[in-house]
Amino acid sequence: MAEKEEGMSFWDHLDALRVVLFRVVGIWLVLTILFFIIMPSIFDTVILGPCHRDFIFYQWIRDFSSSMNIEDDFLAINQNIELQNINLTAPFLIRCSTSFMLAVIVTVPFLLWEVWKFVQPALYPHEQKGIKKAMLLGSGMFFIGVSIGYFVVFPITLRFLANYELSTSIVTMLSLNSYMDNFMMLVICMGLAFELPLVTWLLSLIGLLKRSMLRKYRRHAIVAIVVLAAIITPTSDPFTLSIVSLPLCLLYELSIFLVKKD
């Protein structure tokens with residue numbers, strides 16, 4: 001990263017940005033190759049984990065329903081889910097794309113650190129302290145969101161949709177492509193959703209958001225969050241809806257706390 005200098009030209013900034021991009025792409029390439037090599041073991045134990053009945057979240061659900069004396073086929077989760085592949089090139093392409101997406105996910109702290117180093121020379125000392133905290137918060141919240149998406153949101157969605165019947169004449173066969181599309185979408189979307197406090201805090205710094213505005217539209221936001229949770233996990237029970245919507249509501253409240261006072 002270029003050292004902090006006064007009077008840097010546009011081309012100097014562009015060159016510094018080019019160096020940052022090369023470093024980010026380089027680490028992505030190295031990690032993508034590494035994940036590609038070890039992908040079979042990662043795929044069986046991690047990616048396909050929610051397909052197995054002994055997945056940690058399913059064990060917790062069974063223990064919870066047993067302690068509450070709740071008998072329900074959905075909560076029992078006593079079957080493994082089998083995937084089918086009907087596309088000749090799908091296994092190879094999915095191995096490539098999954099390796100790349102894992103590389104992007106695990107390098108989020110590195111990416112934010114590179115962004116921090118790039119913008120640091122243009123900030124005042126008091127701004128540097130705030131932005132640095134924001135980058136640390138952003139990294140942590142992203143991984144918390146990804147974890148909730150992987151351990152909670154996706155398993156619930158998978159089990160509901162895999163066992164949903166439109167007609168007894170239709171046999172549901174879950175394809176590998178469909179599984180991976182939904183897996184990546186839900187896990188990454190939950191990670192991005194947990195960036196809400198960071199985004200609102202940054203918007204408040206530039207004067208686009210105020211605490212009074214977030215408080216004023218709190219009810220509207222809660223309704224929108226519940227609707228979003230219903231779309232992400234289309235189950236009818238309040239338990240599932242609460243698991244998804246409650247963290248998002250807490251994130252909204254955290255955003256109100258982080259936004260500076262009017």
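1. The model is a predicted one, and the values here are computed from it.

2. The protein chain has 262 residues, and 37% of them count as buried. Its secondary structure consists of eleven helices and two strands. In sequence order, the pattern is α-α-α-β-α-α-α-β-α-α-α-α-α.

3. Contacts between residues at least 6 apart in the sequence of the protein chain were also considered; 83% of these join residues at least 24 apart.

4. One helix pair can be described in detail. Two packed helices are described by the angle between their axes and the distance between the axes. For helix α4 (residues 90-106) and helix α7 (residues 176-193), the angle is about 10 degrees and the axes are 11 Å apart. Angles under 35 degrees count as roughly parallel, and α4 and α7 are therefore roughly parallel to each other.

5. Which residues make this contact? From α4 come Ala 90, Ile 94, Thr 98, Met 101 and Ile 105. From α7 come Leu 176, Asn 177, Met 180, Met 184 and Ile 188. Sorted by class, the contact of α4 with α7 has eight nonpolar and two polar residues, with no charged residues.

6. Is Thr 98 buried or exposed? Its relative accessibility is 0%, so Thr 98 counts as buried, the cut-off for that class being under 20%.

7. A polar atom of the Thr 98 side chain lies 2.7 Å from the backbone oxygen of Ile 94.

8. What does Thr 98 touch, not counting residues up to four places away in sequence? Its partners are Met 39, Phe 43, Ile 47, Met 180 and Met 184.

9. Glu 114 is placed in helix α5 (residues 108-119). With a relative accessible area of 2%, Glu 114 is buried. Glu belongs to the residue types that count as charged. Neighbours within four places in sequence aside, Glu 114 is in contact with Val 20, Arg 23 and Val 24.

Note on methods. Residues numbered from 1 in each chain as written. Predicted model: local features only at pLDDT ≥ 70, side-chain atom pairs only at ≥ 80, totals over all residues. Heavy atoms only, no water. Helix = DSSP H or I, 4+ residues; strand = E, 2+ residues; numbered from the N terminus. Buried < 20%, exposed > 50% of the residue type's maximum accessible area, 1.4 Å probe, protein only. Contact = heavy atoms within 4.5 Å. Axes fitted to C-alpha atoms, helices over the stretch in contact; angles between N-to-C directions. Parallel < 35°, antiparallel > 145°, perpendicular 65-115°, else oblique. Polar contact = N/O pair within 3.5 Å; in protein donor to acceptor, adjacent residues only side chain to side chain.
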